[in-house]
Amino acid sequence: MANLRELRDRIKSVNSTKKITKAQELIATSRITKAQARVDASQPYANEIHDVIERLAAASKLDHPMLREREGGNRAAILVVSSDRGMCGGYNYNVFKKTVELRNLLESKGYEVVLYVAGNKGVGYYKFRGEEFAGAWTGFSQDPGYAETHDLRRHLIDGFVAGSHGTTKWREGLTLPEGQHPQGFDQVHVVYTEFESMLSQTARAHQLLPIEPVYEDEEIKQGEDLLGSSGEGAPDYEFEPDAEALLEALLPQYVSRALYAMLLEAAASESASRRNAMKSATDNATALVKDLSRVANQARQAQITQEITEIVGGAGALAESGESD
């Protein structure tokens, strides 16, 4: 009886857990749709500012601090984009693993690495291991708003502009000792999770600053894209103010939007990872209940058989003793 009671209690417990995981799966599924809609809604602005930057780059000398590597640069910042909540499978583990790989690569090149963290899980991970980080922002991993992420984005951009030999102003989320000013850096990298599909999300390490120009065919594109399709001169655009001034004003906006797009991608990936993890947990709970129910039925049948055997045995003993009359 004790064994059967334990089995029934366990079945009840697993069914309760199954209700939670199923609810989490449904919530995550609805959030994926919203996250993808936000990514799609931000795309027109992204395309337009990209086109404007291309036109400005074609009309300028491309001699901007955000577009070139700094000589003697020795400090790099890494933003680790994690989740605020758990129950999302290997989502955070993959991000932390990719961060270790990037950090080792940068340190092998002689860079001093400073960490910034987005998400409660990242904060807990590094605190538990006693690793220092210069700043942390939490509370928006599943629904990053433009206003909520302003301090994060501006700090990374301002820190790069200041350089490793300069300082920038303090912004909310930094954890520097009292009296110290935030130090700048010469590179900015972001480790986040890219949403590829409902079933596939991949941790990526992306260099945010300085901006790396990407050419399909470097020899051709440098002549065509930067000098015009004919290679004979810049496109016939007039800028007011001049292209260099506009590039100076728009590049920080371009970088800020790129970082925000990564946060939106990470939000969609987190919901997809949680949905997959919760679906797997729900399926496992269903299979476990089925197995436990079979074992419980076998135990119940064994118990009934034992009771019948005891009754028959008792009746037989009474008949032999003549006491049945």
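**Notebook: strands, helices and cores of a predicted model**

I began at Tyr116, which stands opposite Gly135 in strand E3. The two strands here are E2 and E3 (residues 135-137), which run parallel and are joined by three bridges. I counted strands as paired if DSSP finds at least two bridges between them. Helices (H or I, at least four residues) and strands (E, at least two) are DSSP runs, numbered from the N terminus. From E2 the chain crosses through helix H3 (residues 120-128) to E3, and this β-α-β crossover is right-handed. Right-handed means that, with the strands pointing away from the viewer, the path from the first strand over the helix to the second runs clockwise.

I noted the ground rules next. This is a predicted model, where local features need pLDDT of at least 70 and side-chain atom pairs count only at pLDDT 80 or more, while totals for chains, interfaces and linings use all residues. Residues are numbered from 1 along each chain as its sequence is written, and side-chain values use heavy atoms, with hydrogens and water left out.

**Overall layout**

I listed six helices and five strands in the protein. Along the sequence they follow the pattern α-β-α-β-α-β-α-β-β-α-α. Of the 325 residues, 40% count as buried. Buried means under 20% relative accessible area, exposed over 50%, and partly exposed in between (1.4 Å probe, protein chains only). I also checked contacts, meaning heavy atoms within 4.5 Å. Among contacts with a separation of 6 or more, 73% come from residues 24 or more positions apart.

**Strands E1 and E2**

Which strands pair with E1? I found E2 (residues 112-118), parallel to E1 over seven bridges, and E4 (residues 187-195), also parallel, with five bridges to E1. On the E2 side, Ala77 stands opposite Val114 and Ile78 stands opposite Leu115. On the E4 side, Val80 has Val191 as its bridge partner. E1, helix H2 (residues 91-108) and E2 make a right-handed β-α-β unit.

I then looked at cover. Seven of the seven residues of E1 (residues 75-81) are buried. One side carries Arg75, Ala77, Leu79 and Val81, the other Ala76, Ile78 and Val80, and both faces are covered. Six of the seven residues of E2 are buried, so E2 is largely enclosed by the rest of the structure.

**Cores**

Which residues have the most contacts inside the largest nonpolar core? They are Leu79, Tyr116 and Leu208, in a core of 37 residues. At least two residues each come from helix H1 (2-59), E1, E2, helix H4 (150-162), E4, strand E5 (201-209) and H6. H6 gives the most, with ten residues. I used this meaning of a nonpolar core: buried Ala, Val, Leu, Ile, Met, Phe, Trp, Tyr and Cys residues joined through side-chain atoms within 4.5 Å. In soluble globular proteins, nonpolar side chains tend to be buried together.

Leaving aside neighbours within four places in sequence, Leu208 is in contact with Val188, His189, Val190, Val255, Ala258, Leu259 and Met262. A second, separate core has 17 residues, including Leu106, Tyr111, Leu115 and Val191.

H4 has 13 residues and reaches 18 Å from its first C-alpha to its last, close to the 18 Å expected at 1.5 Å a residue. The expected span is 1.5 Å times one less than the number of residues. I noted buried residues in H4, among them Leu152, Arg153, His155 and Phe160. The buried residues of H4 pack against E1, E2, E3, E4, E5 and H6.

H6 (residues 243-321) has 79 residues and reaches 114 Å, close to the expected 117 Å. Where is the kink in H6? I found it at Leu250, about 30 degrees, shortly before the proline Pro252. The bend at a residue is the angle between axes fitted to the seven residues ending there and the seven starting there.

Most residues other than glycine have a negative phi, and most peptide bonds are trans. Met87 has a positive phi near 60 degrees and is not a glycine. Met87 lies in the loop between E1 and H2 and is partly exposed, with a relative accessible area of 40%. The peptide bond from Leu209 to Pro210 is cis, with omega near -5 degrees. I placed Pro210 in the loop between E5 and helix H5 (218-224).
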